Amino acid sequence: MAINPYFADMPCGINDPYESGEVSKFAELQRGLVPISNSSPSIALIQAFLDSYRLLYCGLPEIQRIDYPPNLTMGALFDLVVSAKYAERLIADAGWTYCEGSETSDGSSLYFCYLQTCPRCSVNRSVKPKVVSNKPGSDTIGEICGDTTCEILSEIIKVTSPGIKIGKNRDRQADVDFVIYQPNMLALGETKSSPLVIYPLEVKLNHPLTEIREGQRTLKRDHTQATVDVAEADIFMYIPHRNLRISLGKASSQQFPYHALIQHIQSPQNLAEIILAWKELYRVYEANLLRDLADPRKWITCGCGGGVDDSKNKPGIDRTDDIKKGTYQSLKFGTYYKERDSRRIIRSVLASNFFPLRTFNRYLSEMVDVIWTKEKYSRTFYLKTQRNPTPRKYSLFAQSDLFYLYDAIICFTESVYMDERLKEVTSLDTYINRICQ
Ligand SMILES: [Zn+2]
């Protein structure tokens, strides 16, 4: 496969005059890179969201900005984009659930669910009827979440560091998921993203549905399966804990659902509602870390357990398996790539949408400042002092032969940086300073 000309200048790649000693390994990586499409509908959605956020955030007095923190805003953005991609890819005539809407004031509806319960009844009435879930397989989820992470990162670094390049690896089996580089810095990235919430879809009905049972016409049983002609029906994205609906139009409309979402969020007031709604769920998730609370709002969040969603689907890297895999990958970037470049310009990055709130203390906090090296880099010497006349053995390592396990753990909701340069080019602090200038 030929190298995309955009990535011809990748450090350590085929055109780098420096001999990295392992050209084929880097060339293989370079050949797999594809640019983040500038014309995809999801990029247009991200750009519209960030433009509207700039108007909202920078227009507020300092004291009110605290309601719309950039880190939680990026978390909300990620879930909105992933929800849009689910809607685009998965919406079908079959797979809907009928909810009669008894005990609610807003009538009967049909829901296209991604978890195994009715979003309206679980969140608002604390009952959890079993319903059909349209959640895709883990490969599809991984692909959508990996792409969305790169797309958002790409829009952030366009602002924080315009000269920098980002590319994702089209080879999903490869070591490296994405790269970020500029002259004299090549960051290798592993993504481990997964949403906090996927907003279900809704079609509103004018009246309760009926069916024939034992020769009698009767009301259709609540929470049974239904079909919808999605090319004709008006579809909404439904945010149950706020009783919020975003009109998406018909599934057959141009650029469904992106066009309608972009129209909606162009209003900073509408955007503010979406950020606040997400922030509310983030707080519910955070509160549940200490003690599993009975708060029914958790039934719309991924990985909530209780027969609604498997607890291994916790958001971001908040799953021990992901931390273990991500850590191995970061170490591999060190031993198979960083070490091979004696200029020491390679960095390893673990990237996710969601900081591991739940597992950080138990699995990560004592790891983030780990530095490793190898015996082969040591020089031995003996030193005796007046207080210790017997010579003691020391190992001496050059600074450049010490490596961070992670140079950065970049999550939209919170990041940890060991490497200052990566912080400068990717952090949300830099981003906010630039957009409100
Ligand atoms: Zn229901």
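**Close-up views of a predicted model**

**View 1. Buried residues of helix 2.** In helix 2 of this predicted model, the buried residues are S42, L45, I46, F49, L50, S52, Y53, L56 and Y57. They lie on the same side of helix 2, because the arc they cover around the axis is only 170°. An α-helix has 3.6 residues a turn, so residues three or four places apart point the same way. Among the elements that cover the buried residues of helix 2 are helix 3 (62-65), helix 4 (70-90) and helix 6 (138-160). Helix 7 (258-265) and helix 8 (268-290) are also included in this cover.

**View 2. Length of helix 2.** Helix 2 runs over residues 41-58, which is 18 residues. At 1.5 Å a residue, helix 2 should therefore span 26 Å. The C-alpha atoms at its ends are 26 Å apart, in agreement with that value.

**View 3. Contact between the two domains.** The protein is divided into domain 1 (5-35 + 140-196 + 319-370 + 405-435) and domain 2 (41-135 + 198-313). Between the C-alpha centres of domain 1 and domain 2 the distance is 31 Å. Domain 1 puts 21 residues into the contact, and domain 2 puts in 28 residues. On the side of domain 1 that touches domain 2, helix 6 and helix 12 (428-435) are the elements that give two or more residues. Helix 6 gives the most to this side, with 6 residues. The residues on this side of domain 1 comprise 12 nonpolar, 4 polar and 5 charged.

View 4. Strands in the order 10-2-3-7-11-12 form an open sheet with antiparallel pairing. Strand 10 (225-226) and strand 12 (244-249) stand at the edges. Each has a single partner strand, so one side of each is left without a neighbour in the sheet. Within the sheet, strand 2 (residues 96-99) pairs with strand 3 (residues 109-112) in the antiparallel sense, over 3 bridges. C99 has S109 in strand 3 as its bridge partner.

**View 5. Strands 15 and 16.** Strand 15 (residues 379-383) and strand 16 (residues 392-396) run antiparallel and are joined by 5 bridges. L383 has R392 in strand 16 as its bridge partner. How many of the 5 residues of strand 15 are buried? The count is 0, and strand 15 is hardly covered.

Notes
Residues numbered from 1 in each chain as written. Predicted model: local features only at pLDDT ≥ 70, side-chain atom pairs only at ≥ 80, totals over all residues. Helix = DSSP H or I, 4+ residues; strand = E, 2+ residues; numbered from the N terminus. Expected span 1.5 Å × (residues − 1). Buried ≥ 20, exposed ≤ 12 C-beta atoms within 10 Å, placed from the backbone. Arc of directions from axis to C-beta. Contact = placed C-beta atoms within 7 Å. Domains from an automatic or database assignment. Nonpolar A, V, L, I, M, F, W, Y, C, P; charged D, E, K, R; others polar. Pairing = 2+ DSSP bridges.
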